Protein chains: 2
Amino acid sequence: GHELLAAERAKSNVPVEKLQELLFTKKVIDQKQKVLDVLKSEKVFDKSQNYFAGRTERFETALARAKRLRNLKLKHNWTLDEFRTASELISEPGPYGLHESMFLITLNEQGTPEQRDEFLVKANDYKIIGCYAQTELGHGSNVRGLETTATWDSQDKTFIIHSPHLTASKWWIGSLGRTANYAVVMAQLIVDGKSHGPHPFVVQIRDLKTHEPLENVHVGDIGPKFGYNTMDNGFLLFNKYKVPHISMLARFSRVNPDTNQYVRQGSPSLIYGTLTWVRSTIVMQAGSVLARGVTIATRYSAIRRQFQDRDAPASEVGETPVLNYTMVQIRLLPLLAATFALHFTGKSMMNLYSENQKKMNAKHENANSSRGAGPEETQSGSDILADLHATSCGLKALSSTIAAEGLEVCRRACGGHGYSSFSGIGPWYSDYLPTTTWEGDNYMLTQQVARYLLKSARAVIAGSAPSNDTTAILTSFRSRASIGCAFDILGSSSDLVAAFAWRASFLTFEALKHRDEQGKAWNDLLVDFYRLSKAHSQYMVVKNFYTALQSPETRGAVDQNTLAVLHSLFRLYALHTLEQEGSEFYASGACSKHQISLTRTTTVMALLAEIRPHAIRLVDAWGFDDWVLDSSLGRYDGKVYEDMFYRASELNPLNRITVDPYPDSDVLFRRVEGEGVRSKL
Amino acid sequence: GHELLAAERAKSNVPVEKLQELLFTKKVIDQKQKVLDVLKSEKVFDKSQNYFAGRTERFETALARAKRLRNLKLKHNWTLDEFRTASELISEPGPYGLHESMFLITLNEQGTPEQRDEFLVKANDYKIIGCYAQTELGHGSNVRGLETTATWDSQDKTFIIHSPHLTASKWWIGSLGRTANYAVVMAQLIVDGKSHGPHPFVVQIRDLKTHEPLENVHVGDIGPKFGYNTMDNGFLLFNKYKVPHISMLARFSRVNPDTNQYVRQGSPSLIYGTLTWVRSTIVMQAGSVLARGVTIATRYSAIRRQFQDRDAPASEVGETPVLNYTMVQIRLLPLLAATFALHFTGKSMMNLYSENQKKMNAKHENANSSRGAGPEETQSGSDILADLHATSCGLKALSSTIAAEGLEVCRRACGGHGYSSFSGIGPWYSDYLPTTTWEGDNYMLTQQVARYLLKSARAVIAGSAPSNDTTAILTSFRSRASIGCAFDILGSSSDLVAAFAWRASFLTFEALKHRDEQGKAWNDLLVDFYRLSKAHSQYMVVKNFYTALQSPETRGAVDQNTLAVLHSLFRLYALHTLEQEGSEFYASGACSKHQISLTRTTTVMALLAEIRPHAIRLVDAWGFDDWVLDSSLGRYDGKVYEDMFYRASELNPLNRITVDPYPDSDVLFRRVEGEGVRSKL
Ligand SMILES: Cc1cc2nc3c(=O)[nH]c(=O)nc-3n(C[C@H](O)[C@H](O)[C@H](O)COP(=O)(O)OP(=O)(O)OC[C@H]3O[C@@H](n4cnc5c(N)ncnc54)[C@H](O)[C@@H]3O)c2cc1C
Ligand SMILES: Cc1cc2nc3c(=O)[nH]c(=O)nc-3n(C[C@H](O)[C@H](O)[C@H](O)COP(=O)(O)OP(=O)(O)OC[C@H]3O[C@@H](n4cnc5c(N)ncnc54)[C@H](O)[C@@H]3O)c2cc1C
């Protein structure tokens, strides 16, 4: 394997380091290396038994790691960024996961200064450890349907938290099962018999000394899962459990204890901002999540040789690396292209988000300085935010689906060995899968995108001037409605982007016709909405990838040859996607039957051949350390078989056991190294 | 949940029992019930801890179950069929798996009478326990590339089995890791310096008393996998290991010990027959494998309620079962249709296979009776066998892909709860996945199908009369080449089938043009071949489903209403597939743009609505017992939440542990029910 990968690297001159710096910046790479060195030197992070351990052991190790990580942060005075880098490098969900994310964020964003003093300070110090308890056994997506109640008791000025039915049990709550002693609990606020919808309450659930559940609290772990087994997702039921007035997080609404009135204050739009931010990070992470699988499968298929090429000249002896088969290339190389596409898209979303935050803050300051914001400022700020919010929903759905399904394609591309845990793909895939369901189920998010696009289309029809990219492409589509289009998708990359915009716009107005003119029921349009959201999100990815390649930042970072390779990746991603969705493109008039057929039979195949020699260096540019990949198949040095064999024969605990194989004997394990006869039927 | 499922069942009058009998026959259903009753009463088959146990425990339990099963077979005098039924009901791979299948089959088919006396008798008695060791660390698909050698020693008349490199290590061999004491080893036969390719050897690897590996044999378990962890897949290396002459299975070729000559005898075509049979069972199983997931997801989404319908009349209060959302229907109902499509296709393949075997045997007898078979008899027998062999490759690939990917669609359709092991889908999916890789990797099989189709097309061009269904549709396509076609895909079901035949034929002649006229390299055509194989296999499924519905057997089994529902399932399967592959159908001229767009926007949606009320009864007809499904979400009585809660809070061993949650403490598990303080950092 070693020589094969070395030869692959010699074949291409893509500058791995420069490309890596373009993706991450030198600063981030160095920081990652520094943190990695610390982690590697700590025995508790040793991964060699990860793939063997059962649920309880894995959770135990994860808890040990979480504790150690916290202590390392203190010891090395890590910034939050460095701490997050460390968690990413360890690559497994841990029992402090929800404490360190949603619990702290919620206290910070939704707490009053007094509440922050009371809870956040202790939480930051791990004196209390929390989680975020929203989902219930009976309700996830439909937050308004939550059944847990928090009833204001005007007598003793407390809230009574109660779970009226079994389905009201909190469920799936990360860090709750065994670890947390506090929870932010979303509950229906009831004041004087009137319900005001779900509100967040900070609730103690376990004793801070004994760590046993408090009275009238029933809490535990929900059991094994498809993945995520290092995390203790939990359940939680309350039996008329009293909490003090301060428990209700009161930044945006509160119950006045004197008047017993429910009061709203300020606007929780900040929370939407956070949601947008979280979704944008999911988009960017999707690129690197997928890149792990692509790195492993690409390296492995460069060293895995199977069969001689039927048409190979007699001089070429020996078997062919399977990466040379076009049927392997068509599975892996478009995914390789997708890793870059998603990365640049996520990055641009996050930039847009921070710019917009700055603008909003500036506006805020201007307002304070009593000059007042000009109308375009307000307008553009919020319109861009609305656009960002909607597009981030669609992109979250698209990108996490691409990553999750792409990982399975990578695993299967590795043939039999892909099925071994040592491939490193399966366990990673299993842990990633919930991303398609949480932060908005991928199917349901598409309704939000469609709703936004319909609204935008209505505005365009009503004659509003375009105020963001979405309304711009819709306007341009409408202006050409009577003359059609002619995109040179195979000759011009900007035309290729325009074809994606055209198809998305076409589907938007089609959906609008169904809803507004034909008055179809919302439910009858869900499948169309799903397609629409996908089309719009694919346009966004293609556009952002293209824009990133045009940017001075990129053009300055790498040489012309490398730019050409990146450009081929862009075209491969775009054209492969276009071909997959051929009938929509054709139906919209964005391209002709002949163009689609040329794409399929000629252009995509030519792009595969162009990219093939650079495949290994392109995955190298993602810069995954072997320690991080924890994969026999994906080793940087290609020593796949040696590593498989070592793990199987040296690390595998099952090989310590000698069984009694005969059905007429009751003995199962005849001998366990270090023990006597052990188990009986 | 209970009332909801009862109401669902009341809405439809599909006769569940009759339909079930149509699928399986009354005899098989009764037999299954009888076996199930036995299994349920045995403690060792209790499933309640399956989802919690780690690798070693799971293997241990699986061994206990395998032993018990063997003893039950003796006790109840089960037929082979009943024994297989029992294994299926237990639904987990077990350590005797390869002994009971490939080991026995190979001894039987490839052994001489003498060898059967020597090995098969003991194997049938479990005095020796074997496995089938073909795949190596370095070679799987390419069997001819195997590296293990068996060198004939003319001096002492033995074979020397040897693994010259690490990559020669046998790998993935089921039942080998811990259980087997014998193996059928595929090794390159070398006689007098000349290699004769891979041949099977029966080799003892462990001591029959101590069960320790014999000298010069290195054997063990290959470690944890994505699934299949109840099976001990193993590795095996030989260091110049001597075995006697009788070890080489000699039915089809042998080394003459006197002359030291390699001799072939008889034709191993029988083995191809077995391969065809195995692939046909995979097709049929794919239907029921998928049906488990569809049963679980359909029942769950009938009781899972989330949101009120936006357009619902004010009188309809309460939340909507998610199965009412068209976006859930479009994911589940085409898969429900696929379960029936695959079942009927597999059944018809197996019938064709047995009929053909009978014909061949008759021919054989005729030949013996010295009358000689008529030319059509020989012709049709072998041509149908060739067709069956090729189509079984394509169908194996298509059906196992549909089942595997469909299961994941079902899991995700269940939202968050689908991720819990208690859903029962994840574990089942993980165990099923290797079916896409073994018995021919699904991608690679498509090359065999394409090769066969190209050959058939060449024969048709050369003017041969059609001799089977494949050449018949190719001939008919060619005869219309200059006049095209006009299929009423939405109005006529036979036209719909014909459209599938048309597209497959079109792609066949296209591929032939690329290969023969344009002289494209084989490797450059792999993607086209993949598409071609898929198209042809989809045609086969659609045709077989349609034919099954037309058959007197079906028409006599259920009433007109039920036939209409089955017919809707057929149309849904066919039209949904057609729409997914829209651009190929369009490019081939099999249908118009307008037809495809109507399919998408109108017909498929209408079919979903037609089938929706019968969904629960249709899955009920698959007849999975709750004990078999082992799923909280898929319970027949709909008591989903109660069961989830029971398993989480009562059965989950993690809840016996109280942790120390603070990072400044070294203690991890403060208290384990029944133990003292346990673990430290
Ligand atoms: C590993 C994991 C960790 C989690 N951690 C937490 C946590 O820490 N805290 C927390 O509060 N929650 C957590 N969750 C819960 C998670 O947020 C929910 O599972 C998620 O929001 C999906 O909701 P649901 O499960 O209710 O799906 P459901 O809403 O029940 O969806 C079921 C199906 O119905 C469909 N559907 C539902 N409504 C509609 C509609 N209106 N139109 C069309 N289709 C519809 C969906 O697409 C889906 O296919 C976690 C979940 C997982 C899997
Ligand atoms: C759970 C499990 C149990 C098993 N049990 C047994 C057993 O009991 N006994 C036994 O002998 N074996 C067993 N196997 C091995 C199994 O048969 C092989 O894994 C399978 O044949 C695939 O071969 P491979 O792993 O070498 O894949 P490879 O051939 O290495 O394939 C790797 C990749 O290359 C592609 N590829 C390879 N060649 C070509 C080509 N010519 N053209 C295009 N693409 C190509 C494939 O599509 C795949 O994507 C088992 C495997 C598993 C996973």
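In this predicted model, a backbone N or O atom of B:Tyr132 lies 2.9 Å from a nitrogen atom of ligand 2. Ligand 2 sits between chains A and B. The protein covers 93% of the 970 Å² of accessible area that the ligand has on its own.

**Polar contacts of ligand 2**
- B:Gln134 places a backbone N or O atom 3.0 Å from an oxygen atom of ligand 2.
- B:Ser141 uses its side chain: a polar atom there lies 2.4 Å from an oxygen atom of the ligand.

**Shell around ligand 2**
- Ligand 2 is surrounded by 31 residues, and the closest are A:Arg304, A:Gly416, B:Thr135, B:Ser141 and B:Asp441.
- Chain A contributes two or more residues from each of helix H9 (326-368) and helix H10 (375-413).
- Chain B does likewise with strand S4 (170-173) and helix H12 (442-461).
- H12(B) gives the most, with three residues.
- By class, the shell has 15 nonpolar, 12 polar and four charged residues.

**Second largest cavity**
- The volume of this cavity is about 1,100 Å³.
- Its lining comprises 47 residues; A:Phe226, A:Asn229, B:Lys225, B:Phe226 and B:Asn229 are the closest to its centre.
- Helix H4 (55-76) and helix H11 (425-432) each supply at least two lining residues in chain A and again in chain B.
- Helix H21 (626-629) of chain A also supplies at least two.
- H11(A) gives the most to this lining, with five residues.
- The lining divides into 18 nonpolar, 17 polar and 12 charged residues.

Key. Residues are numbered from 1 along each chain as its sequence is written. Chains are lettered from A and ligands numbered from 1 in the order in which they are written. This is a predicted model: local features need pLDDT of at least 70, side-chain atom pairs count only at pLDDT 80 or more; totals for chains, interfaces and linings use all residues. Side-chain values use heavy atoms; hydrogens and water are left out. On a 1 Å grid over the protein atoms alone, a cavity is a set of points where a 1.4 Å probe fits but cannot get out, and a pocket is an open set with protein on both sides within 12 Å along at least five of seven lines; lining residues have an atom within 4 Å of a point. Grid points are joined across faces, edges and corners, and a volume is the space filled by probe spheres set on the points. Helices (H or I, at least four residues) and strands (E, at least two) are DSSP runs, numbered from the N terminus. Ala, Val, Leu, Ile, Met, Phe, Trp, Tyr, Cys and Pro count as nonpolar, Asp, Glu, Lys and Arg as charged, and the others, Gly among them, as polar. A residue is near a molecule or strand if one of its heavy atoms lies within 4 Å of it. A polar contact is a pair of N or O atoms within 3.5 Å; within protein, one must be able to donate a hydrogen and the other to accept it, and residues adjacent in sequence count only if both atoms are side-chain atoms. Accessible areas come from the Shrake-Rupley method with a 1.4 Å probe; for residues, only the protein chains shown count as cover.
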